[in-house]
Amino acid sequence: MPQTTALPPAILLMGPTASGKTACALALARVLPVEIVSVDSALVYRDMDIGTAKPSRDELAACPHHLIDIVTPEEAYSAALFCADARRLMGEITARGRIPLLVGGTMLYYKALREGLSELPEADAILRREIEDAAARDGWPALHAELARLDPAAAARLQPRDAQRIQRALEIVRLTGQPLAASYARREAAADTHRYLPIALMPADRSVLHARIARRFDAMLLAGFVDEVAALRDKYHLTPELPSMRCVGYRQALEYLDGEVSLATFRDKGIFATRQLAKRQLTWQRNFRDNWTDLAEVDSLAADAEAQVRALVEAALG
């Protein structure tokens with residue numbers, strides 16, 4: 001959307017998982033008065049540190065960070081909550097004479113912040129209970145089949161056992177009598193409070209990114225990822241349907257702890273899920289490229305990637 005240079009700046013630094021966003025952000029923090037606002041739907045969860053690649057204690061101490069460790073794994077966090085929190089924090093950071101630096105890979109959050117949220121109907125408690133009762137009686141695949149009859153396009157994007165998304169999709173379709181696409185097309189964008197400087201890290205060689213993902217997952221296993229998930233299950237009431245357990249690696253770890261898969265299979269499935277996440281993130285970024293004329297791209301695998309990001313930011317700030 002159009003912006004005026006009279007607005008204070010806010011840097012958006014996005015990229016797929018394992019692309020080096022944290023390193024680039026901390027490099028900027030060494031030379032600019034920034035505060036980091038996490039744009040990551042996994043980092044919001046307390047006690048989920050290893051599997052989410054949460055910044056280390058030293059990294060967190062190097063620069064003020066926000067929207068990390070703000071809810072429990074039993075709670076939900078949404079794009080709407082993110083937009084409200086991010087806008088409030090951006091205003092507070094600017095008031096302190098500093099620059100908001102939004103960093104992360106949850107592309108829906110970026111899209112919601114810049115383009116607005118869809119005008120979806122609020123949850124209906126009675127209808128939701130009817131759907132839950134039907135799922136308990138017939139199973140979620142049967143509810144997925146019902147969604148396929150009502151909205152084939154929406155059902156095609158969901159797995160038959162994706163309980164939370166099937167429930168919400170059925171709820172919206174029943175409440176509106178329209179396909180999901182029609183509801184999502186109606187958006188209400190808040191007025192911009194900042195001038196965005198969006199930068200996307202785009203790895204030129206996908207195979208190198210895949211190798212990074214595998215190395216990082218192995219490092220997580222060595223750091224005690226399985227023990228972390230076991231401790232989470234002891235502390236919280238966790239189910240595979242919770243948003244926190246849909247974070248890559250965690251559902252697979254639960255399967256391993258329940259004896260459903262071997263350690264080797266858990267590793268393979270975790271790496272595959274992470275690669276799929278990166279693929280989706282890159283698809284989002286290509287869509288942003290088509291719609292955001294101000295988006296700058298940097299090859300995250302370049303030896304001077306951090307210097308390129310710094311140069312782009314300094315040029316935009318003048």
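Which residues do ring pairs link into a cluster?

**Figure 1. Ring pairs join F217, F225, Y250, Y256 and F266 into a cluster.** Rings of Phe, Tyr and Trp (its six-membered ring) count as a pair if their centres lie within 6.5 Å; planes under 30 degrees apart are stacked, over 60 edge-to-face, and the rest tilted. This is a predicted model, where local features need pLDDT of at least 70, side-chain atom pairs count only at pLDDT 80 or more, and totals for chains, interfaces and linings use all residues. Residues are numbered from 1 along each chain as its sequence is written, and side-chain values use heavy atoms, leaving out hydrogens and water.

**Figure 2. Here's a look at Y77 and Y109, an edge-to-face pair.** A search of the whole structure turns up 9 aromatic pairs. In this one, the centres sit 6.3 Å apart, with 65° between the planes. Y77 is in the loop between β3 (65-66) and α3 (79-95), while Y109 belongs to helix α4 (residues 107-115), so the pair links distant parts of the chain, 32 residues apart (helices are DSSP runs of H or I, at least four residues; strands are runs of E, at least two; both are numbered from the N terminus).

**Figure 3. Now zoom in on F225 and F266.** Their planes meet at 40° and their centres are 6.2 Å apart, so the pair is tilted. F225 lies in helix α11 (residues 225-235) and F266 in helix α13 (residues 263-291), so the pair ties together parts 41 residues apart in sequence. F225 is buried, with a relative accessible area of 0%, and F266 is buried at 0% too.

Note on methods. Buried < 20%, exposed > 50% of the residue type's maximum accessible area, 1.4 Å probe, protein only.
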